[in-house]
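Morning, everyone. I have one structure to walk you through. Please keep it on screen while I talk.

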Amino acid sequence: MKIVARHDEAPGVKTMRLEFQDAADHEFFKETFRTGMFGLYGVYGEGESTFCVASPETRKDYIECTFRQSGRVTSALANADIGDLITFRGPYGNRFPIEEFHGKNLLFISGGIALPPTRSVIWSCLDQREKFGKVTIVYGARTVADLVYKHELDEWQKRSDVDLVLTVDPGGESPDWKNRIGFVPTVLEEAAPSPDNCIAVICGPPIMIKFTLISLKKLGFDESNVFTTLENRMKCGLGKCGRCNVGSVYVCKEGPVFTAAEVSRMPASDL
Amino acid sequence: MSIEEQYRTRAKELLSGGAVKMVIGYGKGTTPSRRRPLFITSPDDVERLMLDDACITNLSGYLVSEGLLSDEKRVAVFLRPEGIRAVNILAAESQLDAEQIVIFGFDVSGNEVQALKGIHVEEFSDVIRSIKEGAPEADEEELFEKIEKMSPQERFSFWQEEFAKCIKCYACRQACPMCYCRRCIVDSNQPQWINTSSHSLGNFEWNIVRAFHLSGRCVECGNCDRACPVNIPLRLINHRMAEEVLGAFDHFAGMSKTQEPVLASFKKDDSETFIL
Amino acid sequence: MTKILFSDKLDKCVERWKSAGLTVIGPVQRTNISTYAAVDHAAELEFGLVLPDRSIKDLFFPQSEPMLRYTIKKESINTEECLPPAGPRIIFGARPCDASGMAIDDPLFGWDYKDEYWFQRRNESVIVTIACTKADDFCMCTSLEMSPDSTKGSDILLRPLAGNKGWQVDELTDRGREAFRTIADFLHESSEPLAPSAVVENKFDLDACVTWLKNPENFESRFWKEISMRCIGCASCTYLCPTCHCFDIQDEGDTYTGIRRKNWDSCSFALFTMHTSGHNPRSTQSARWRQRIMHKFNYFPGKFSVNSCSGCGRCSRQCPVDMGITETLQEISKLSL
């Protein structure tokens, strides 16, 4: 796939837009891809790295991915330039059942670098805005600099049909920060969205998910109306290499999208 | 009273009085000839401890298990002289505080087990000195001499054949008390120093790098050699490196807990034969 | 009357198979190691082993396997898939546990996405198994609903005749029958006394273990920590295991040309599941040992209706600290009483 656009999101975090070089591959992607699925992005000589498709299922002319430069592969990806070719294997995994969300209020909760999978769902819904009720987005990061998709956050903030709650961890605020300060679960409880006819989608580091689930429970959300996506280390994406399972569940095949009810049945210490 | 009984009694005393929180020793294994590492924390369990000529594994590596010594409590451990040398190196390399280690020293000659007198590492310096001065065991010398006599080409083919068996299970590394790195060089990939693949190049890279990392540090306990599931005679490589370091720097690994690591220290009269 | 292959005819069979284009592979004793390897003559085969140190898995799923070659030029990337070297093979003298190990892994490699590397080799191999007449302290096939003369995964089962005279031939599959048709003139129709089968004592109560493992409460049991305390975290059990199938994918080469490889990997290693963030779902050795046991006797059978263990006992036999599946399941059997 060819890199057609790239920009910095936050320190060490980049977004790239990729276009297909092969019409048949693109056709396959268009037929298969649904929001929530992931892929293995690769640079020959360095290897492959797993992350979600950050673009929505309503925009399939390209793939967008957002990643933090940390390992060997992501460093190579970060160093790739516009016009360079990289590989994409996928899309793999299950999806968010967006049709089931029709007519419902949506609550998106996300932390730090975990906004990309949520963003895929957010745009998939906003691109057919009329099919959903109230849309609330709660997004937090450690510091203001760590917030990703800043231009889209601005756009969402301006939209009257989206309620955006932004927060940074205490100490992470800048002098001109006008939004909230506090951890995502706390801010969520303060915002107190109603669980009535509402679907919640949460993505974040394991620790954030753990506490957010507790907060959602307090707010009266039913576990079956809460969706999340797990991102475990993967090599094959095909259910064979043997490392992504949580208990008996293979994240690559049976996930990455799970309801909180499904997650609560998994052994917590394997997450 | 046999040494096994003496040590059981001592273990019971130390555990009951709270002088040590754990005794690391040997217990019954799957077959009559096997002993397995055993961790005793209750004075009621000391009868499970065994001590005989089948107690071969060097247990010192367990002392650097994550978190074991972090509460500053003492741990007792059954050690042969090589294990005691290993504790000296671990202390010299700041991996543990030798004050926390209570030693149940023993040695085996023939199938006779002898107790080694002492509790703390520094009390065994005479034993270690006598090993340094003593001749290597005859059976090992034979294969060693055979390899020494080979031409470089023959030696290369010998090791090529041996390393071809390697499956990179890293049992050698995991069994070695000196391989305590939390992230081994083979697990680092920025840059990828060593190919992770188990092909001829990757196997050579791994085994040679390991030999270098152990030079001047290996106590020749044989844990790697015995752990190797494909029976590569790793002891020969380490023995050769130990001889090299002894000849060049008069350094015998694990003499004391204050001995400076040979490749991390410099003396004015160090041999400089490698500088052309 | 049954088909008999006398030992003294084996060399002729090897010759015949070779001239028919088959690579003949069997148990051999090399310097300090026994394994399965290609041979030219029957004399090279070693039938006296309880079982070779290395498992038959290596012949189907090698420790390092090239998957593709890449060449990067200015405007394009060329890739070339590296399928295993083609060619029919006959594996003569596999042990029943090794042969069944391959059958156990078939559904995994065929699950959803079919692994061509595995199935090409599977489809090109005839497995001729020799039933066991001796066992050691570590053999445990009978505890896993198998036996010293299990036929699972085999194309032919040979039952040794008394006095090492040869074998009684049980043809099990078409592939096996076809391979033996080429040597039909070396087979005899007679009835010969068989050597007594190996006796492998039952070592644990598998059903009780599986029930215990399936109980979610036991996932957090102190047992896991206690049983794995001496585990040093090497991969010798997983790499010698005929059914352990986990792998890593690694690129080797430079910016312009190189190979993408599939290498064995092991749940014993901390790095196996480590996230980029540093978070590790299985951060302790006890969690990793639990994963290995759970995978073999709970998760794998949950998906494929078969335990991922063929009872060869290599894990215990070769363990540097005398651990293994047998001991763990024996202890679980005691807990379930």
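Predicted model: local features only at pLDDT ≥ 70, side-chain atom pairs only at ≥ 80, totals over all residues.

I will take the chains in turn, with a stop at the contact between C and A.

Let's start with chain A. Chain A holds 8 helices and 15 strands. Its radius of gyration is 18 Å, close to the 18 Å that the globule rule gives for 271 residues, so chain A is as compact as a globular protein of that length. Along the principal axes, the C-alpha atoms of chain A fill a box of roughly 50 × 45 × 35 Å. Of the 271 residues in chain A, 49% count as buried. Now take the contacts in chain A between residues at least 6 apart in sequence. Of these, 71% join residues at least 24 apart.

How is chain A divided into domains? The assignment gives domain 1, residues 2-92, and domain 2, residues 98-229. Taken over C-alpha atoms, the centres of these two domains of chain A are 24 Å apart. Their contact takes 15 residues from domain 1 of chain A and 17 residues from domain 2 of chain A. Look at the domain 1 side of that contact. Strand 1 (2-10) and strand 5 (63-68) of chain A are the elements that give two or more residues to it. By class, the domain 1 side in chain A has 7 nonpolar, 5 polar and 3 charged residues.

On to chain B. Here we have 9 helices and 5 strands. From the N terminus on, the elements of chain B run α-β-β-β-α-β-β-α-α-α-α-α-α-α. A compact globule of 276 residues would have a radius of gyration near 19 Å, and chain B agrees, because its value is 19 Å. The C-alpha trace of chain B spans about 60 × 45 × 45 Å along its principal axes. Buried residues make up 39% of the 276 residues in chain B. For contacts in chain B between residues at least 6 apart in sequence, 64% join residues at least 24 apart.

Chain B also has a domain 1, residues 3-133, and a domain 2, residues 138-264. The centres of the two domains of chain B are separated by 25 Å, taken over C-alpha atoms. In chain B, 22 residues of domain 1 are in contact with 18 residues of domain 2. Which elements of domain 1 of chain B each supply at least two residues of the side that touches domain 2? They are helix 2 (81-92) and helix 3 (125-133) of chain B. Helix 2 of chain B gives the most, with 9 residues. That side of domain 1 of chain B has 9 nonpolar, 8 polar and 5 charged residues.

Let's stay with helix 2 of chain B. At 1.5 Å a residue, its 12 residues should span 16 Å; the end C-alpha atoms are 17 Å apart, which agrees. This helix 2 of chain B is mostly covered, with 11 of its 12 residues buried.

Last, chain C. Start at helix 1, residues 10-19. In helix 1 of chain C, C:Leu10, C:Cys13, C:Val14 and C:Trp17 are buried. They cover an arc of only 100° around the axis, which puts them on the same side of helix 1 of chain C. An α-helix has 3.6 residues a turn, so residues three or four places apart point the same way. The buried residues of helix 1 of chain C pack against strand 1 (2-6), strand 2 (23-30) and strand 6 (89-94) of chain C. Just after helix 1 of chain C, C:Gly21 takes a positive phi of about 95°.

Now the contact between C and A. It brings 37 residues of chain C into contact with 28 residues of chain A. On the chain C side, strand 4 (64-72), helix 2 (96-110), strand 11 (247-253) and helix 8 (285-304) each supply at least two residues. Strand 11 of chain C gives the most to that side, with 6 residues. The residues of the chain C side divide into 18 nonpolar, 12 polar and 7 charged.

Key: Residues numbered from 1 in each chain as written. Chains lettered and ligands numbered in written order. Contact = placed C-beta atoms within 7 Å. Helix = DSSP H or I, 4+ residues; strand = E, 2+ residues; numbered from the N terminus. Nonpolar A, V, L, I, M, F, W, Y, C, P; charged D, E, K, R; others polar. Domains from an automatic or database assignment. Rg over C-alpha atoms; globule rule 2.2 N^0.38 Å. Buried ≥ 20, exposed ≤ 12 C-beta atoms within 10 Å, placed from the backbone. Arc of directions from axis to C-beta. Expected span 1.5 Å × (residues − 1).
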